[in-house]
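Here is a short briefing to read alongside the model. Please keep the structure open as you go through the points.

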Amino acid sequence: MDSLINLQGEIALVTGASRGIGRSIAEMLGKAGATVIGTATSEKGADAISAYLTEAGVAGKGIVLNVADKDSIESVVKAVTGDFGAISVLVNNAGITRDNLLMRMKDEEWDDIITTNLTSVYRMSKACMRGMTKAKKGRIISISSVVGASGNPGQTNYAAAKAGLVGFSKSLAREIGSRNITVNVVAPGFIDTDMTRELSEEQRNNLLQNIPLSRLGQPGEIAGAVLFLASPLGAYITGETIHVNGGMYMA
Amino acid sequence: MSDIEERVKKIVVEQLGVDEAEVTYLSSFIDDLGADSLDTVELVMALEEEFGAEIPDEDAEKITTVQAAIDYIKAQQG
């Protein structure tokens with residue numbers, strides 16, 4: 001089994017890796033042998049990533065990246081490629097929420113979400129493309145959300161961006177399949193992270209009633225799906241969305 | 001064969017994975033050498049890297065044969 005999930009020699013970049021799902025993904029890919037570069041928006045976050053990677057004995061480091069900034073993306077991908085080699089596993093995890101009912105939604109709330117959650121994936125993927133096509137191998141895995149498929153009141157912006165990732169990934173999968181690059185999506189349901197800790201007790205209880213497995217998911221349960229797709233076990237899967245949501249939405 | 005001609009041919013052979021003997025000046029990347037649209041994009045990027053040039057999309061579209069690539073690079077560098 002070990003050899004099947006050996007990611008030795010792979011260079012993985014995980015955006016939004018300072019906490020929650022991103023951190024779990026970074027740790028799991030690292031434990032499987034990959035060199036991991038985790039990104040955070042602040043120096044403090046980047047240092048925290050470096051610290052937990054070192055503690056876990058994982059090669060790599062944390063760096064500062066603002067995924068909403070085109071120049072930041074280009075310089076980071078260039079620097080990582082120079083220091084570690086071409087990125088072979090890209091995990092687009094960074095994301096934010098700006099919930100509001102549509103009738104009250106401000107343009108900034110819409111634009112922030114599309115820029116940070118969707119445009120960033122276009123830019124990150126594009127920046128990694130040359131290295132992957134040259135190497136004739138690669139994995140691009142983007143973290144969507146169950147609400148991209150099910151919809152959710154107050155999240156028109158978030159759901160639109162998260163559904164957008166799916167269409168993007170399917171199209172890119174068709175474009176670069178011939179180069180042995182797979183492009184997939186993992187769509188988490190409600191996972192126990194800072195993002196969902198903001199929910200009220202009542203919202204939480206309502207949610208649980210609709211989850212057949214009767215609990216929130218753990219970040220590691222998303223990371224497991226990402227690891228599977230990044231590893232040789234997932235080699236023949238592309239353009240696909242894996243839903244990891246305890247059954248709350250069955251696609 | 002000039003240096004530029006040799007380097008262009010070498011890149012075509014490498015990028016398209018074709019035999020050197022197949023590559024003539026008149027070879028069309030798509031019609032003769034079996035390139036698809038992604039191959040042609042990669043080819044142009046490889047030419048940009050090799051010659052330190054920036055080839056705009058509207059020019060790249062016209063580079064469809066080995067000779068066209070050689071002529072373009074020569075014009076750029078001349």
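This is a predicted model: local features need pLDDT of at least 70, side-chain atom pairs count only at pLDDT 80 or more; totals for chains, interfaces and linings use all residues.

Buried area is the accessible area, taken with a 1.4 Å probe, that two parts lose on being put together, summed over both. For chain B and chain A that area is about 600 Å², and carbon and sulfur atoms give 36% of it.

**Who takes part in the interface**
- Chain B brings 8 residues to the contact, and chain A brings 7 residues.

**Polar and charged links**
- The rule finds 4 salt bridges across the interface of chain B and chain A.
- One salt bridge pairs Arg179(A) with Glu42(B), whose closest N and O atoms are 2.5 Å apart.
- Helix H2 of chain B (residues 37-51) supplies the largest share of the side of chain B that touches chain A, namely 6 residues.
- By type, the residues on that side of chain B are 3 nonpolar, 1 polar and 4 charged.

**The fold of chain A**
- Chain A holds 9 helices and 7 strands.
- Its C-alpha atoms fill a box of roughly 45 × 40 × 40 Å along the principal axes.
- The radius of gyration of chain A is 17 Å, which agrees with a compact globule, because 251 residues packed that way would have a value near 18 Å.
- Of the 251 residues in chain A, 47% are buried.
- Among contacts in chain A between residues at least 6 apart in sequence, 72% link residues at least 24 apart.

Methods:
Residues are numbered from 1 along each chain as its sequence is written. Chains are lettered from A and ligands numbered from 1 in the order in which they are written. Side-chain values use heavy atoms; hydrogens and water are left out. Contact means heavy atoms within 4.5 Å. A salt bridge is a side-chain nitrogen of Lys or Arg within 4 Å of a carboxyl oxygen of Asp or Glu. Helices (H or I, at least four residues) and strands (E, at least two) are DSSP runs, numbered from the N terminus. Ala, Val, Leu, Ile, Met, Phe, Trp, Tyr, Cys and Pro count as nonpolar, Asp, Glu, Lys and Arg as charged, and the others, Gly among them, as polar. The radius of gyration is taken over C-alpha atoms; the globule rule is 2.2 Å times the number of residues to the power 0.38. Buried means under 20% relative accessible area, exposed over 50%, partly exposed in between (1.4 Å probe, protein chains only).
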